[in-house]
Amino acid sequence: MAIAFKQESFRDDFSYRNSPENISRFPFPFDRDEYMYSVNMEPHVRGRPGTVFENLIDVDEHYVAEMHDRMLVLKEDPLRYQALPHMMNAQWDTLELLMEEQATGYPEHFTLTRNGDEWRWVNRPLGIDDTFTFGDVSTLPCEPFEYITRQAQGDFCIVDQRDGNLWMDAGMVTTQADWSLDFDIGMNFMEWHGPVPLAHQAGVFDRALKFLLNLQQGKPTRRFNWTMTINPRLDTSPENYHKWGPDRTTVTPENVAEKVHLRVELQSLWRLPRSNAILFVIRCYLMNMGELVTVPKWARRMPRVLRTLPPELIDYKGLTRYREDTINWLSKYDDGAPTSPGIFPD
Amino acid sequence: MSGGREIPVRVTKVTPVAERIKRFRFERLDGKPLPYFSGGAHVIVSMNDFGHIRRNAYSLMSPPHDCAAYEISVLHVEGSRGGSTFMHERVKEGDEMNVSYPVNLFQPDWRARKHLLIAGGIGITPFMAMMEQFTREGANFELHYAMRTRDRSAYWKELAERYGSQRIKIYCDAEGMTMPLDRLLDSQLLGTHLYVCGPSGMIDGVLRAGMEAGWPEQNLHSERFLSSLPGKPFTVELVRSGKTVRVGHHESMLEAIEAAGVDASFLCRGGACGQCETEVVNCDGKLLHHDVYLNDEEKAAGRKVMICVSRFEGKTLHLDL
């Protein structure tokens, strides 16, 4: 079925909204009433229709608007895309994976035709119809990784594997939750997770690294991460902190429903075939509290989760200033009834 | 989770290559292309030996960009535990088998200014795929290939023809030739990465020489597949599944555990990758660690064991499986 792509903004007038159908497919990340750190990885396999797991690379009603926002971010700051020279193989691997998955999942919107190394890519929502030679950079308007990630929702990091570690050596990062590719590029797994509190002590990163080093081709894996953002702003980079940081002081009991957004990252991890690198796809979903409480189970669970957060996390996720107001507003929708296990609406 | 995903294939060609070496070509049963892979990758080949499943890792030697088929070469090992004998004596063209998705534990460092490849005997196979990939990508490489005799060694003639005598150097023991390792190590371009694959003694020697010549450890790469050594039979108790498993003289713990119907995870089955790391719940006796994954401290602590290659001598061993 064709997706009705929305025209909306993630800045200035913030016209981004979720349709009722899109709310019901939102990947609510909490499977119980309290939040605990865990490695929480599971196989990234196709799941039920009508959820974000229906396809392995998800495309939704925000696709066209997100790609437009990415273009604006890159125009202002080209360093949001970077790839070190030894990652060219991995760039082509990524282009192939994203084209294949989008064309398989959404044949009415994307078509990939392969004739040996001569490929034709048709992207109808963005009006693109290009023919190029796979492996020959000169046949594309820009590097293959940049080319395809200007046409795919989410942030993308490609990490090289060597010396028993993973190195962030390429990325397209324009929708991040307060971290910077320009700062992290060239760092290894432990270095770029340096600032995360609690998880290091719990050994979470040691276990996660070990798991990822053995990630297998043909067996992608996924996990959730989450935070909260004021206003539906995709680009919450450190570079633009002066724009989004002050937003956090603007939350009042009256505007929680519209302003406070749950920001969910569905991260999928793929072993790439030609380069043996790993592709991290960090797909960001935003939903405001007014939309969230239209699902009764989530309306009950959300304030309970926020109440049980350890202080270090409240601080790290930047929730300090508006957590109280948000819990108070949400509590009206918590009737005290038990919630069912799992993340899906009842 | 057990091993990598498996792909049903047919053996479409068996070619004798040299004394005791055969090449096998696999194509997918469903006629589709096989997954791409990177030079240095291996697959696990599953052999159905009258209902007993043997699984061995073999380096992929076919060009990585050619997904019509996978090719491996198998040396018939003297004193084989069964895998190489099975491949040599039982596998015929037309047979159906399973191979895993490729796994690469010997990935070239893509940053290298130059790749210096050192092969001994059947250790040539991962380099065949690497050299194809380097050529396609215009990377600088050089192969030094040591062998006992020419008639017992594979592919030296083809390689010399394909890449030329500037890139391919052959050293034949029987003809009194030795690899000038020290000179090689001293004369490389800054940013060269060295890769060695061959008999264990050779790998140790090359790595030691590299360190002594002042090479950074990160620029020295090796791949050795250890096979599970034979030893005295013993018994393992699996705490979670409640099973008692007898490990035979020629069997590995992993094989015996799989035969008992318990799913254990693995990737390389050669003591290198760490995937089959298993918690030791209780151990009254001596663990015989044969892997290269755990460090000396971990081996001495005795709380973990790599069940693909390690053994046990003593009274009781309880594993968290």
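## Cysteines

Cys157(A) is buried, its relative accessible area being 1%. In this predicted model, Cys197(B) is likewise classed as buried, with a relative accessible area of 9%. Both assignments follow because buried means under 20% relative accessible area.

A disulfide is a covalent bond between the sulfur atoms of two cysteines. Over all chains, the structure holds zero disulfides. Cys157(A) accordingly takes part in none, and the nearest cysteine sulfur, which belongs to Cys284(A), lies 13 Å away.

## The seven-stranded sheet of chain A

Chain A contains an open sheet of seven strands in the order E1-E8-E9-E10-E6-E7-E2, with antiparallel pairing.

The bridge partner of Cys157(A) in E10(A) is Phe280(A). Helix H7 (residues 204-213) of chain A packs on the sheet and touches E6, strand E7 (165-172), strand E8 (221-230), strand E9 (260-271) and E10 of chain A. The direction of helix H7 of chain A makes about 80° with that of E7(A).

Strand E4 (residues 118-123) and strand E5 (residues 128-133) of chain A pair in the antiparallel sense, with six bridges between them. One of the residues paired here is Trp121(A), whose bridge partner in E5(A) is Asp130(A).

E4(A) and E5(A) form a hairpin in which four residues lie between the two strands. In the turn, Gly127(A) has a positive phi of about 65°.

## The interface of chains A and B

At the interface, 26 residues of chain B are in contact with 19 residues of chain A. The two chains bury about 2,000 Å² between them, of which 41% is on carbon and sulfur atoms. Tyr36(B), Trp110(B) and Arg111(B) supply 30% of the area that chain B buries against chain A, more than any other three residues.

Two salt bridges are found across the interface of chain B and chain A. Asp117(A) forms a salt bridge with Arg136(B), and the closest N and O atoms of this pair are 3.7 Å apart.

Technical notes
Residues are numbered from 1 along each chain as its sequence is written. Chains are lettered from A and ligands numbered from 1 in the order in which they are written. This is a predicted model: local features need pLDDT of at least 70, side-chain atom pairs count only at pLDDT 80 or more; totals for chains, interfaces and linings use all residues. Side-chain values use heavy atoms; hydrogens and water are left out. A disulfide is a pair of cysteine sulfur atoms within 2.5 Å. Buried means under 20% relative accessible area, exposed over 50%, partly exposed in between (1.4 Å probe, protein chains only). Two strands pair if DSSP finds at least two bridges between them. Contact means heavy atoms within 4.5 Å. Axes are lines fitted to C-alpha atoms, for helices over the stretch in contact, and angles run from 0 to 180 degrees between N-to-C directions. Buried area is the accessible area (1.4 Å probe) that two parts lose on being put together, summed over both. A salt bridge is a side-chain nitrogen of Lys or Arg within 4 Å of a carboxyl oxygen of Asp or Glu.
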